[in-house]
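I opened the file to look up the fold, the surface and a handful of residues. My entries follow in the order in which I made them.

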Amino acid sequence: MVERLEELKAEYLAKADEFVTHYEAIQDHWRERYSDIWPRLAPHYPTKSQLRRKFDYFWSVFELKGAEVKEGSAPEIIAAYEQARNDLQERYQEMVEEAVVYLRKKVLEVVTNLSGRLKEGRIVRNDTLESVRRVESWFKDLNIFGDGQVEESLGQLRSVLNGTDYEALKDNEALKNQLAGLADQVAAVAGKLDDISVISGNYKRMIELN
């Protein structure tokens, strides 16, 4: 996890440096385009050094822990604690289920688009193939809930997509059929929602809610 955060930090800061590098050119463009009002706009633009300091990337590590009932607490305090704990567990499970459904729907959208294009004989451009690679990486990064079936089926699709582009695909019917079949397998798993409660229950047991 920390390694991935470091990678994201490097990517973010590189983009920030790129933006700052082109900052003066951007200002020149706006100065030329809005020359009549530029004197009023210019004071609101920070300097390059001020602008660069506005970009940063860091993370914090913390522990969430529920309230504790001390020995000898009044019955009403114990009852309130148990009620709050039960409410938290219920809401927590709902939150996990909502997150799993959201991730699956995004995957379903992408793989259904790929499968439909392949089956209908429409052109499958490189940006469509890249969208599948991106969603596979995105899902893997966010799959903290242990949704193994979707991750595994996406990985199988991605492994076949690696090295494949528009030119390799356009006249290769066997490859098209293979990709369509794998995309349908992903769609079947991602579109199946009757196991969501099992995933949320398994994830909840990994977290101490005492």
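The entries below go from the whole chain to single residues.

**Ground rules.** I am working with a predicted model, in which local features need pLDDT of at least 70 and side-chain atom pairs count only at pLDDT 80 or more, while totals for chains, interfaces and linings use all residues. I number residues from 1 along each chain as its sequence is written, and side-chain values use heavy atoms, with hydrogens and water left out.

**Overall fold.** I looked up the secondary structure and found 10 helices and 0 strands. For these I rely on DSSP runs numbered from the N terminus: helices are H or I with at least four residues, strands are E with at least two.

**Dimensions.** Along the principal axes, the C-alpha trace spans about 75 × 60 × 30 Å.

Buried means under 20% relative accessible area, exposed means over 50%, and partly exposed is in between (1.4 Å probe, protein chains only). Of the contacts with a separation of 6 or more, 71% join residues 24 or more positions apart. A contact means heavy atoms within 4.5 Å.

**Surface.** The chain exposes about 14,400 Å², and carbon and sulfur atoms supply 53% of it. These areas come from the Shrake-Rupley method with a 1.4 Å probe; for residues, only the protein chains shown count as cover.

**Aromatic residues.** I counted 9 aromatic pairs in the structure. One of them is Trp-38 with Tyr-45, a tilted pair at 5.1 Å centre to centre and 45 degrees between the planes. Rings of Phe, Tyr and Trp (its six-membered ring) pair if their centres lie within 6.5 Å; planes under 30 degrees apart are stacked, over 60 edge-to-face, and the rest tilted. Trp-38 counts as buried because its relative accessibility is 9%. Tyr-45 has 27%, so this residue counts as partly exposed. Both belong to one aromatic cluster, together with Tyr-12, Phe-19, Tyr-23, Phe-55, Tyr-57 and Trp-59.

**Gln-27.** Which residues does Gln-27 touch, not counting those up to four places away in sequence? I find Trp-38 and Tyr-45. Gln-27 is in helix H2, residues 23–33, and counts as buried at 15% relative accessibility.

**Phe-58.** I found Phe-58 in the loop between helix H4 (48–52) and helix H5 (75–119). Is Phe-58 buried or exposed? Its relative accessible area is 64%, so Phe-58 is exposed. Its C-alpha atom is separated by 7.6 Å from that of Lys-9, 49 residues apart along the chain.

**Leu-182.** This residue lies in helix H9, residues 173–190. Leu-182 is buried because its relative accessible area is 13%. Leaving aside neighbours within four places in sequence, I list Gln-156, Leu-157 and Val-160 as its contacts. Gln-156 is 26 residues from Leu-182 in sequence and 7.4 Å away, C-alpha to C-alpha.

**Lys-140.** My last entry is on Lys-140, which lies in helix H6, residues 126–142. With a relative accessible area of 45%, Lys-140 is partly exposed. Leu-154 is 14 residues apart from Lys-140 in sequence and 9.2 Å apart in space, C-alpha to C-alpha.
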